[in-house]
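Subject: Structure handover

Hello,

Here is the structure we talked about. Please open it alongside this email, and then read on for what turned up.

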Amino acid sequence: MNTSVFIASAALPINYTTTWEAPSNIALIKYWGKYEPQLPKNPSLSFTLSNSKTKTKVIFTPHAKNEIDFEFFFHGIQKPDFKPKLKTFFDRIGEYIPWIFSYHLEVFSENSFPHSSGIASSASSMAALSLCLMDLERQLFPEMETVYFYQKASFLARLGSGSAARSIQGPVTFWGKNAVRDSSSDLFATPFGTTLHSVFDNYQDTILLVDKGSKPVSSTQGHNLMHGHPFAENRFLQASNNLSALVPIMETGALDDFIHLVELEALSLHAMMLTSSPYFILMQPNTLAIIHRVWEFRKETSIPLCFTLDAGANVHLLYPKQDIGVIYSFIKEELSGFCQSGQYLLDEVGRGAKKA
Ligand code: DP6
């Protein structure tokens, strides 16, 4: 698909205020490796979450400066130090939303999850902001179709943070051209569709907060280390193959096969970090302790509890809703002991972003 379909026309400015909530997401097939302009080296697939989200309000006021002009507030406090990242985002997307040069923007953002929890907020925040922008664009061009609205919101969000493309819709989305869905694209995320097995409609994700500090190596730095990585090409192929294998599993609900691929992906992501140059380790001793306890628990109980990891030390525990009781007890009595200040967050698969 040609990106020119996403270039809007100019339009007479209007006063407008809108608020959107967008969730975080957790990848099952990991995106790790990219090239300009923010395109993935392999397709990925994720659960859209529900409780971990960003709420963003944008007040658009017409101005005559013909430049991108904005202020950013986080939990009500003006944050000039967040501006450079947003400025880069606006510079990237300006060609697709040229009407933005006619506005002054006040952006008010807040997260539902604690600020220093080690949970990246770039996916949910870029998704929420992109939806506010698309909401105004839809006011300017009311004939816009819903499919286009969500595709372009995902397209814009991707230019802010790759994984943000997957935080627009739910419950499961693809990002990146793949062999199993003709509709898939490197430019934006697309929903899994109606063939998803019902066990995944309300799958649980409990995030064990092993380390709430900021990461020593950012995702962006980690992606860059995939350039010239000796295992990069095999990793991209492995991810594509794992995605092709996972889709029919998520259609039939074969949980043993699901667990195998999800844990394989998590450890393969961290294997890339361990073998980058320079090498780095984001897992902590308690990350490994939890993984071993999860494996023992699964062996002892045959309950389909598994883990995945993002680019950090925290552990996402994934399990069907029907097993919630016994797994909550296991978390409270044992696994919380491996968490910083005993803390964890309860989340589950969600339906995607919504207007607040
Ligand atoms: C390990 O989307 O945070 O969570 O595109 O540089 O903003 P940028 O990176 P980001 O990378 C996410 C990496 C990951 C895997 C994933 O979400 O697929």
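In which loop does serine 341 lie? It is the loop between helix H8 (324–333) and strand S13 (344–348). Before going further, please note that this is a predicted model.

Serine 341 is not a glycine, yet its phi is positive, about 55 degrees. Its relative accessibility is 62%, so it counts as exposed.

Serine 302 also has a positive phi, near 60 degrees, and is a residue other than glycine. Look for serine 302 in the loop between H7 and strand S11 (306–309). Serine 302 counts as exposed because its relative accessibility is 63%.

**Domains**

The chain splits into domain 1 (3–195) and domain 2 (198–348). Their contact draws on 34 residues from domain 1 and 44 residues from domain 2. The C-alpha centres of the two domains are 25 Å apart.

How much area do domain 1 and domain 2 bury between them? The figure is about 3300 Å², with 68% of it on carbon and sulfur atoms. On the domain 1 side, three residues stand out: Ile29, Lys30 and Trp32. They supply 25% of the area that domain 1 buries against domain 2, more than any other three residues.

**The cores**

The largest nonpolar core has 47 residues. Phe60, Phe90, Trp99, Leu105 and Leu133 touch the most other members.

Setting aside neighbours within four places in sequence, phenylalanine 90 is in contact with Ile68, Phe70, Ile100, Leu105, Leu129 and Leu133.

There is also a second, separate core, of 27 residues. Ile259, Leu261, Val262 and Cys306 are among them.

**Strand S5**

Is strand S5 (residues 69–74) largely enclosed or largely open? Five of its six residues are buried, so S5 is largely enclosed by the rest of the structure.

S5 pairs with strand S7 (residues 103–111) in the parallel sense, over six bridges. Phenylalanine 72 has valine 107 as its bridge partner in S7.

S5 also pairs with strand S6 (residues 77–78). Here the strands run antiparallel, and two bridges join them. Phenylalanine 73 stands opposite glutamine 78 in S6. S5 and S6 make a hairpin with two residues between them. In the turn, histidine 75 has a positive phi of about 50 degrees.

**Glutamate 263**

Glutamate 263 sits in helix H6 (residues 255–274). Is glutamate 263 buried or exposed? It counts as buried, because its relative accessibility is 7% and the cut-off for buried is under 20%.

What does its side chain reach? The side chain of glutamate 263 comes to 3.3 Å from the backbone nitrogen of phenylalanine 307. Leaving aside neighbours within four places in sequence, glutamate 263 is in contact with Val294, Trp295, Arg298, Cys306 and Phe307. Cys306 also belongs to the second core.

**Prolines**

Two peptide bonds to proline are cis. One joins glutamate 36 and proline 37, with omega about -15 degrees. Proline 37 is in the loop between strand S2 (34–35) and strand S3 (39–40). The other runs from serine 277 to proline 278, with omega near 5 degrees. Proline 278 is in the loop between H6 and helix H7 (285–301).

Proline 285 lies in helix H7. Its relative accessible area is 64%, so proline 285 is exposed. The C-alpha atoms of proline 285 and valine 210 are separated by 9.2 Å, although the two residues are 75 apart along the chain.

Best wishes

Definitions and conventions
Residues are numbered from 1 along each chain as its sequence is written. This is a predicted model: local features need pLDDT of at least 70, side-chain atom pairs count only at pLDDT 80 or more; totals for chains, interfaces and linings use all residues. Side-chain values use heavy atoms; hydrogens and water are left out. Helices (H or I, at least four residues) and strands (E, at least two) are DSSP runs, numbered from the N terminus. Buried means under 20% relative accessible area, exposed over 50%, partly exposed in between (1.4 Å probe, protein chains only). A polar contact is a pair of N or O atoms within 3.5 Å; within protein, one must be able to donate a hydrogen and the other to accept it, and residues adjacent in sequence count only if both atoms are side-chain atoms. Contact means heavy atoms within 4.5 Å. Two strands pair if DSSP finds at least two bridges between them. A nonpolar core is a set of buried Ala, Val, Leu, Ile, Met, Phe, Trp, Tyr and Cys residues joined through side-chain atoms within 4.5 Å. Domain bounds come from an automatic or database domain assignment. Buried area is the accessible area (1.4 Å probe) that two parts lose on being put together, summed over both.
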